[in-house]
Amino acid sequence: MSNRQRRDGPMRQPPGRAQRRGGGDRKPREERWSELIEVATDVFYAKGYDAASLQDIADRLGMLKGSLYYYIQSKEDLLFDVIKAVHEEGLASIESLAAGEGNPLERLRGVIIGHIEHECRNLTKTAVFLHELQALSPGRQAEIIGDEHAYRRVFVDLLEAGQQAGLIRAEVNPKLASLSILGSVNWVYRWFRTGGEFTAHQIGEQFADLALRGVATPEALARLQQPSPPASQRPTKIAKASPDKRPRKARTA
């Protein structure tokens, strides 16, 4: 079995562990593995990857440092799994939004808002991903983000679909536009504060509106700025009864 295959499951068997344990196939409990990933994320966030040690992580878990090698072979193994988990969770979130209802421009707006909300709910994870991705080897970085940068691909696909639908200006370069959008929304974690002046949703809406103004056609923008009123505020049509449907008087005996 390849190293990649061993990492795909929720309770991945670290490379070489079976050989060290004499060919046994016992796997770590899912709960313990999840706890290890959570603690490692917090330690990498607090100390930075270079300064953090496996001993720091073992101490937080209340276990011996040597016991960590049941799960991993190195500190980089652990960072790889932390960053991979963060990336997959965020990617699943925006892919779900991108596949939702509405035209490409509406879905792009939803993806930007959803991405910022997810980022603000996961500030520690986001910081570790953005700060420490470069600490991994180029091969492992590519294994996580893919050659086409899967995250950016979601935005590029929506922008291209918007151009095909005549909602996004033809002169907009989808790749550059996606880099611009991601560059701005990915910086939110640096200054967002829970309970601060703005909620994550307010920030998402503002950033989405700014981004769409930069790429959308005037006609598409005009439609976005005139949303349909909610059902509770729409006038109710009262149908007139046709002559043959009016209630008839009861016959008298």
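Leaving aside its neighbours within four places in sequence, which residues is Val-156 in contact with? They are Pro-174, Lys-175 and Ser-178. Before I build on that answer, let me state that this is a predicted model.

Val-156 lies in helix H9. Its relative accessible area is 7%, and because buried means under 20%, Val-156 is classed as buried. Along the chain, Val-156 and Lys-175 are 19 residues apart, yet their C-alpha atoms are separated by 5.8 Å.

Arg-152 also belongs to helix H9. Is Arg-152 buried or exposed? At 17% relative accessibility, Arg-152 counts as buried, because the cut-off is 20%. Not counting residues up to four places away in sequence, Arg-152 touches Lys-175, Ser-178, Leu-179 and Leu-182.

Let me now turn to the nonpolar cores. The largest contains 33 residues, and those with the most contacts inside it are Ile-94, Leu-105, Leu-108, Ile-112, Ile-116 and Phe-155. At least two residues of this core come from each of H5 (75-98), H6 (104-121), H9 (150-164), H10 (174-185), H11 (200-215) and H12 (218-224). Helix H6 gives the most, with seven residues. To take one of the residues with the most contacts inside the core, Ile-116, its contacts beyond four places in sequence are Val-185, Val-188, Ala-200, Ile-203, Gly-204 and Phe-207.

Leu-61 brings us to helix H4, residues 54-61, where the buried residues are Leu-54, Asp-56, Ile-57, Ala-58 and Leu-61. An α-helix has 3.6 residues a turn, so residues three or four places apart point the same way. Among the elements covering the buried residues of H4 are helix H3 (30-47) and helix H5. Just after H4, Gly-62 adopts a positive phi of about 70°.

Helix H3 also packs against helix H7, residues 123-132, at an angle of about 65° and with the axes 9 Å apart. The crossing of H3 with H7 is left-handed. On the H3 side the contact involves Thr-41, Asp-42, Phe-44 and Tyr-45, which meet Thr-124, Lys-125, Ala-127, Val-128 and Glu-132 of H7. By residue class, this contact comprises four nonpolar, two polar and three charged residues.

For the overall picture, the protein has 12 helices and zero strands. Of its 253 residues, 40% count as buried. Among contacts between residues at least 6 apart in sequence, 67% join residues at least 24 apart.

I close with confidence. The mean pLDDT of the protein is 81, and 77% of its residues reach 70 or more. Where does pLDDT stay under 50? One such stretch is residues 1-27, for which the model has 49 contacts beyond four places in sequence. Over residues 228-253 the pLDDT is likewise below 50, and that stretch has three contacts beyond near neighbours in sequence.

Key. Residues numbered from 1 in each chain as written. Predicted model: local features only at pLDDT ≥ 70, side-chain atom pairs only at ≥ 80, totals over all residues. Heavy atoms only, no water. Buried < 20%, exposed > 50% of the residue type's maximum accessible area, 1.4 Å probe, protein only. Helix = DSSP H or I, 4+ residues; strand = E, 2+ residues; numbered from the N terminus. Contact = heavy atoms within 4.5 Å. Axes fitted to C-alpha atoms, helices over the stretch in contact; angles between N-to-C directions. Left-handed = near helix turned anticlockwise from the far one by under 90°. Nonpolar A, V, L, I, M, F, W, Y, C, P; charged D, E, K, R; others polar. Core = buried A, V, L, I, M, F, W, Y, C linked by side-chain atoms within 4.5 Å. pLDDT = per-residue confidence, 0-100.
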